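Reader: Please show me the structure, and then let me ask about it step by step.

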Amino acid sequence: MFALRRTKRGVLASATLAVSALAISAIPAQAFSVHAETGVTATQIKLGITIPLTGSAAPGYSKIPSAMQAYFNYVNDNGGVYGRKISLVVKDDAYLPTLAVAKTNELILKDKVFAVVGALGTANNKAVAKSVNLGRRGIPDLFVNTGYSGFADAKKYPTTFSLFPSYIMEAKIMGQYIKENFAGKKLGLIYQDDDFGTDALVGFKQAGVKFDVSVPYASGSQSAQSAQGWIGKLKAAGAEVVVMFGVTTASGAALATAAAMAYKAQWILGSVGGDATTLKAVGVPAYVLTGAMGASFLPAPTDTTDEYVKFFQGINTKYNGDAVFDNNVLVAMNTAMMAVQALRAGGKNLTHASVMSGLENSGSSFASASLSPINYASGVHVGYSGYWFGTYNSAGELKPNGGAYSVYTTDSGAGAIVKSTFKRPALPANGLPTN
Amino acid sequence: MKKKISILAVSALASLALSVLPSAAHADAPTCATANFVTSCQGATSDGALYAMSVPANFNGTLVLYSHGYRYPVDIPAGIPLVGGYKVVKVAEPAPSAAVAKYLLGKGFGIAGSGFAVEGWNADSGIKTDTELIATFKAQFPTTTKVVAWGSSLGGFITQGLAEQHPDLISAAAPMCTVAGSVEGELTMAADVLWGMKTFFDPTIKGHNYSAGAAGYGEAMGDLVKVFTVLGKLQAGVASGAWPDSAGPAGTALSAIPSRSALLLVGLMSGLPAQSMHFDATSGPGPKNSASYTSFALAASPALAVLENIANAAVLGVLATYDVEQQAGGAVIDNSKTDYAARIESEAVSNNAALSGNTAIGGMLSFLNPANPAAPRWTADPAAVIKMRALASHTGKINVPTIALANVADPAVPAGNVQWLADRYAEQYAHAKGVAMATFSKTGTYTAVRKSFLAVWSVPPTTYTKFTNTGAPDTSGPAANGTGHCGYTDKQLMAIVDLATNAAATGKLMSGGPLYTVIRKAGGLSIDPEFRAPLLKFYNEQ
C-alpha cells in the first residue's frame, strides 16, 4: 500500500529514507513527495524569458536577454549560485499575447525551466497568467517587465513578482510634478489604450490632473501615419505640455512626427517609452528629444559616477559585446542581479517555494541599482515604488532635474507622494551578491 | 461530419452497413456474413436505428462501441455554402474512420455502432440505442467480456451519458470533441454568436425562436444564407475595416471602429477561440520585423480566425438551435441579463489591439447594452426551457476509466466542454481523497485513490498561417492540428482507443512512461495536467 515515490532521477536522499523508514507505517505515501525541482540540477539552473525580439516593440527590448545572460555569465564564471550555473532560455513573443502564451508553454513543457524571469508586457503577462497558469503550477514568475498594478494581487497571481513601480505610481508622481511645474498650461496625453494606459489614467486621476486632450492608441497601431492623427489632435487643442505614456516605438513616432509637423510642446515621457538610444534608433533626431523630460527609478545609464552603472558597464564590455549601454541594458542587468539574489535566497536546496519565500522574507534588502526602495514582504509582490525626474540634454542623456536624484515614492492607491529618504545598499563586492 | 460520411462511404466496412433496412418496432436478428476472417453483421434496433458490427476471427472479447456525432435533422438546399445539398442519412457508423476500424479489427477487437433512431440532438434515444446494441452484440458474440464506449461530439455526449447511466455495461469510455454537461451550454454559445451577428451586422437575421413546421425550416435556411452572406462582406472588409451594408444602426454608430474588431468581439463574447483552422493569431506575411507581419498577426488574424470559426460552426449553431427549439416547443435561450462586458474581461486584454483598444471596446459594449433599443435582447419561453432541461444531461461523474480528447481551438464544441468534465472529476477525486484520509485517520489504513480521468488536448502549432506570394492568407491547405471540430488524425484516434482499451483491460488508466510514449507517438497531443481550456461562457455564469 505504501510505495515511496522516487524522484525523477530515481534518487532519494538517504536522510529522507531514514526518516521515511520510521514513519512508513503511519503516513500516506503522498506525504513523502520528495522530488528535484524542474529546471534545477546539481550544476545548472535553467531560467526562461519571453520578450519581443521581432515586431513593432522589439527595438530596445530585444537587447534585454543578452544583457541578462551577460550578467549571469559573469556570475557563472565566479562560481554560479551555490555551484550551479544559470542559463537563460529566450523566446521571441513579438509582443503578441497569443505567441507569449505559446512560447511560455514551450518554456514550461519543453525546455522545463525552473522559473520565468523578466517576461515583458502587460497584456502578454496577463494572457500567460490566465492560459499557462504559472500560479497554479507554482512556477515563479520573477520580475515581470511591466508596471501593471494588477500584478500586485498576490492571491490572483501568487507566483508573480513585479519589480518596477506600478504605472499608477508613475502617473501619480508624474501628475504631482506636472501640477507643481506646469500649472495653468494646456495639458495633452497620448496613451496606450489598454491596461497599461488605464493604469496611467487612474494615477493621473489620483493626482488630480485633468488633461485638456487625451489621445488613446491601440497597442501595435503606432506608426508615423497614426502619429499624424495624434499630433493633429494635440495641435488643434493647443496642448503645451504633452505626456507620452506608451512604448518606445510610439514615443518615437510621436516625437518624430511632432518635429516634422513643427509642433512644439514640453514633452514628458513615461519610463516605458523613454530610452534615448532606442528613440534615436527608431529615427528620433537628438534635437527633438532635447528638453523633453523623463522619469526613471534607476540611475541614468550614462551616469558613470554611479557604482552600479559603472559596474554594469564593465560587464557589458566584457560579456555583452560592448553593446550600446542604455536603459534597457541597465534594466536587464539589474533584473539579472535581482534574480541571482532570489535564487540565492532560495537556498542550496532550491525549490519554487524556497525562492518565493526567500523573496518575500529578504527581497527588500537585496542589492539593486534602483534609487527606489524595494518593498517585498509577506504577500507583497511589488518591488520598487518611486521615480525621479530629469531632462534630456542634447546628447540624449537624462539628467536629473536640480542636479541630483530626487526620488518620490507612493503606492497604487490613495497614499501620499513623499520624498524618499531611502539609502540604497552598496554594490556587493565585485558585483557578486552574497545574501 | 461530411468527412466522416465520405470516409465511410469508401470503406469496405461501410458497404456492409449501408444497406437500408426498414424501421422496426422490435429488433430483428442481425444479418451476418464472414469474409476475410471478419464477421460483419447489420440490423436495426427496436427503435429502428440501423447498426453495424464486426468481429475478427481472433476476437479478444472486447467490443469497442462508437457513437457518431450530430447529424443535421433536415435536408439542406443546394446553394448554401459548405453543406448545401446535404440529405438526412441514417447510415451506421461503427468507427470514426475506416482506418481506425481496420486497426481495431486487426488487434482483435470487435466494433459496433449505429446511425441512431433519430437525427439531430438525440442523446436520450442515443443512449437507449447504444444500451440495446451492447446487448445485441453480446448475444451475437457471447465471448464478449468488456465494452469500451467512445464517440465524437454528440456521440461523446452519448458516451459520457452511457458511462454515467450504465457503468455496469462498459469498462472504459472515451468521449472525444464532446459536448458535456447539457445541450444548453452549446446553444447559449450559438445564440450569442447569432445575436451578435444580428445586432452588429444584419438585423434581419432571426437567430432564434424559429416557427414550427415548414415556416421555421424556411427561417433557419434563410438565416444560413444571411450569415454566410454577411461573413463574406466582413471578410472583404477585414483590411479596410468597412462595415457590411446590411449592418443597420451599429454600422452607423460604430463606423469609426473597424468591423473586424466587432466581429472579434462577437467571437470572444460567445466563447469562440481566436485561432482557427488556418489563422494562428501569431504570424503575418513578409519578414518578421515588417509592419505587415505584426499588424496582420495582431489585428487581422484573430478576426479572420473568428470569421473562419463562425463559418464552420454557423450551420451547426443555426440547425441545432432550430432542432432543439422544435423539440422543446419554443425559444430556449435568454440573453436578457447576459453581461457581455464581464464575458470578455480577460479576453479583452489578450486581444486588446485586435479589438482596437479599450475605448473601442467600451463603445461596442455600450451598443450591446440591454438599454439600447437598437440591440434588443432575446427572451426564452419558460415552458420550452423546462423541456430542454429535461433532455439528457451529465452530472460529470466518472464511473469508469475515461479518456477525453479535445481540440484546443474547436469552434463548434469548444475544449471547455472537456474542461467541465475535468473540473467535475477534480471535485470527485478530491472528495475521494478526503474520504481516504478520513478513513486513514480513523483506521490507520490508507487506500490510495486511483485517477480515473485523463484529459488529452490536441494543441495547435505555434504558427501555421500560410500566405501566398502576394501576401494574402492561403486557406487552401489542411486545417492545423488542434483546430476545427473533431477532425483528428487516425494516429490520434488510435492512440485514444489504445488508451481506452488498455484501461478496460487493466481497470485503470495508463500512466507514466508508457502513457507519454503513446501520446508522443500520436503527435500533436498534450496531457499537461495544468492546462486549462476556457469553460463555455454558460458554465462560467452558473
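**Domains, chains and their contacts**

Author: The C-alpha centres of domain 1 of chain B and domain 2 of chain B lie 30 Å apart, the domain bounds coming from an automatic or database domain assignment. This is a predicted model, in which local features need pLDDT of at least 70 and side-chain atom pairs count only at pLDDT 80 or more, while totals for chains, interfaces and linings use all residues. Residues are numbered from 1 along each chain as its sequence is written, and chains are lettered from A and ligands numbered from 1 in the order in which they are written.

Reader: Which residues does the assignment give to domain 2 of chain B?

Author: Domain 1 of chain B is made of two stretches, 2–181 and 396–532. Domain 2 of chain B is given as 184–388.

Reader: How many charged residues are on the side of domain 1 of chain B that touches domain 2 of chain B?

Author: Two residues are in contact if their C-beta atoms, placed from the backbone, lie within 7 Å. By that rule 33 residues of domain 1 of chain B meet 33 residues of domain 2 of chain B. Ala, Val, Leu, Ile, Met, Phe, Trp, Tyr, Cys and Pro count as nonpolar, Asp, Glu, Lys and Arg as charged, and the others, Gly among them, as polar. The domain 1 side then divides into 22 nonpolar, 11 polar and no charged.

Reader: Which helix of chain A gives the most to the side that touches chain B?

Author: Between the chains, 32 residues of chain A are in contact with 27 residues of chain B. Elements that each supply at least two residues of the chain A side include helix H5 (122–131), helix H8 (195–207) and strand S7 (213–217); helices (H or I, at least four residues) and strands (E, at least two) are DSSP runs, numbered from the N terminus. With 5 residues, the most is given by H4(A).

Reader: What is the radius of gyration of chain B?

Author: The C-alpha atoms of chain B fill a box of roughly 70 × 60 × 55 Å along the principal axes. The radius of gyration is taken over C-alpha atoms, and the globule rule is 2.2 Å times the number of residues to the power 0.38. For 542 residues a compact globule would be near 24 Å, which agrees with the value for chain B, 24 Å.

Reader: What share of the residues in chain A is buried?

Author: A residue is buried if 20 or more other C-beta atoms lie within 10 Å of its own, exposed if 12 or fewer, and partly exposed in between, with C-beta atoms placed from the backbone. In chain B, buried residues make up 53% of the 542 residues. For the 435 residues in chain A, the share is 58%.

Reader: Why is H10(A) described as largely enclosed?

Author: Helix H10 of chain A covers residues 248–260. Its buried residues include A:Thr248, A:Gly252 and A:Leu255. H10(A) is largely enclosed by the rest of the structure because its buried residues number 11 of the 13.

How values were computed: Expected span 1.5 Å × (residues − 1).
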